[in-house]
Amino acid sequence: MTQSLHPAAQKGFSSAAELYQQVRPNYPAEIVSWLQNCLQIQEKSTVIDLGSGTGKFLPYLKQTHADVIAVEPIGEMLQQLQQVYPDIKTLQAFSHSIPVADHKIDAIICAQSFHWFDNLDTLTEMHRVLKPKGHLGLVWNQRDERTDWVKALADFLLPLEGDTPRYHSEKWKRVFEQQDLFLFDSLQTFTQSQHGSVEQVVSKRLLSTSFIAAMTEKDQLQLKAQFEKIVYDFTGLGPQDQIDFPYITYAYHFQKSTLPIK
């Protein structure tokens, strides 16, 4: 494995793998129908969960009864996945070098991950392992900034991101602009919320963000207090009070092109 990881991913996700598993939001129940109807994932399908992390998307893939292979480069994340889903086949590998034979996979899912490896080498490798007319699904949970305190948190976080790859930068879309490997099919959106204490679903959730998880413990504790102050200023809710954190889930469907590769 020669491809390098962004430092925020390598350090942040290695050190915060357990926290990531505990506090990241789930996905909307409707995503299962999307997998079955748009990506044509059925009981006899073979699917790769690429950049699977701790396995947060696996419950939805398991509901399709497909044969799932979880591919993840960071060992600490993969260990969390294996503890929770010992029945899932796992491969520790990078997106540009997937140890699977040509044309064997019906669909590839990248849930909360594609912005980390949005390059042509990855698309070429996906194209190689997918069957003709195979499907590619890109899924992201994004904070719903139409809520005032969520927008305030997002504005506070923005200067801290630096060059960390993020969905909302939309830089990941550039790789699809000049390529003939995949054709865009559709985008569906879903809404959901994560219910729990302010500490659990807001401040600890934000601490699991890659570039924050890579910071020192002292800096993280200071940020935690600031997150909780922002929520309190807008809602009057303290760390142990219950809150609903709103999300929008974006689900992009691409299909493998049958055109000859240039």
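Select Gly 53, which touches Glu 72, Met 77, Leu 78 and Leu 81, not counting residues up to four places away in sequence; contact means heavy atoms within 4.5 Å. The model is predicted: local features need pLDDT of at least 70, side-chain atom pairs count only at pLDDT 80 or more, and totals for chains, interfaces and linings use all residues. Residues are numbered from 1 along each chain as its sequence is written, and side-chain values use heavy atoms, with hydrogens and water left out.

Gly 53 lies in the loop between strand 1 and helix 4 (58–62). Helices (H or I, at least four residues) and strands (E, at least two) are DSSP runs, numbered from the N terminus. Gly 53 has a relative accessible area of 6% and is buried, a term that means under 20% (1.4 Å probe, protein chains only).

Next, select strand 2 (residues 67–71). Four of its five residues are buried, so strand 2 is largely enclosed by the rest of the structure. Strand 1 (residues 46–50) pairs with strand 2 in the parallel sense over five bridges; two strands pair if DSSP finds at least two bridges between them. Val 47 stands opposite Val 68 in strand 2.

Finally, select Gln 79 together with Gly 53: their C-alpha atoms are separated by 9.3 Å, although the two are 26 residues apart along the chain.

Note on methods
Buried means under 20% relative accessible area, exposed over 50%, partly exposed in between (1.4 Å probe, protein chains only).
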